[in-house]
Amino acid sequence: MDQERRGQWLRGVLDLCVLALLHRRESYGYELAQSLDAAGIGPIQGGTLYPVLLRLQRTGLVSAEWREGAAGPARKYYRITPVGVETLRRTAVDWDAFSGGVGMVLREVQKR
């Protein structure tokens, strides 16, 4: 896949993907990166993920809490807020409509 194009797509949807993962359960940065990779989005570097988490925190869509690790350093756990859940729901509907339209246009190309 073209890495520049992937990066452009990622900038548009990474917030939404992170919120969706946090809607499942609270998590810390490294675990979120692993979940994104396992979902097929690809590897996400900390330099990309942590600014997104900070922005989501500053806008009130997620909250964060430091916790001591049992066998290692403390970790910052992120949790979606009620405002984040509402934003996620609205944005998921918008994304579904947008991606459905893109998919329809691209399916026409693939049929030819």
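Me: What percentage of the 112 residues of the protein count as buried?

Reply: This is a predicted model, in which local features need pLDDT of at least 70 and side-chain atom pairs count only at pLDDT 80 or more, while totals for chains, interfaces and linings use all residues. Residues are numbered from 1 along each chain as its sequence is written, and side-chain values use heavy atoms, with hydrogens and water left out. Buried means under 20% relative accessible area, exposed over 50% and partly exposed in between (1.4 Å probe, protein chains only). Of the 112 residues, the buried share is 30%.

Me: Which pattern does the protein follow along the sequence?

Reply: Helices (H or I, at least four residues) and strands (E, at least two) are DSSP runs, numbered from the N terminus. The protein has four helices and three strands. Read along the sequence, their pattern is α-β-α-α-β-β-α.

Me: Against which elements do the buried residues of H2 pack?

Reply: In helix H2 (residues 29–38), the buried residues are Gly29, Glu31, Leu32, Ala33 and Leu36. Contact means heavy atoms within 4.5 Å. The buried residues of H2 pack against helix H1 (3–24), strand E1 (27–28), helix H3 (46–58) and strand E3 (75–80).
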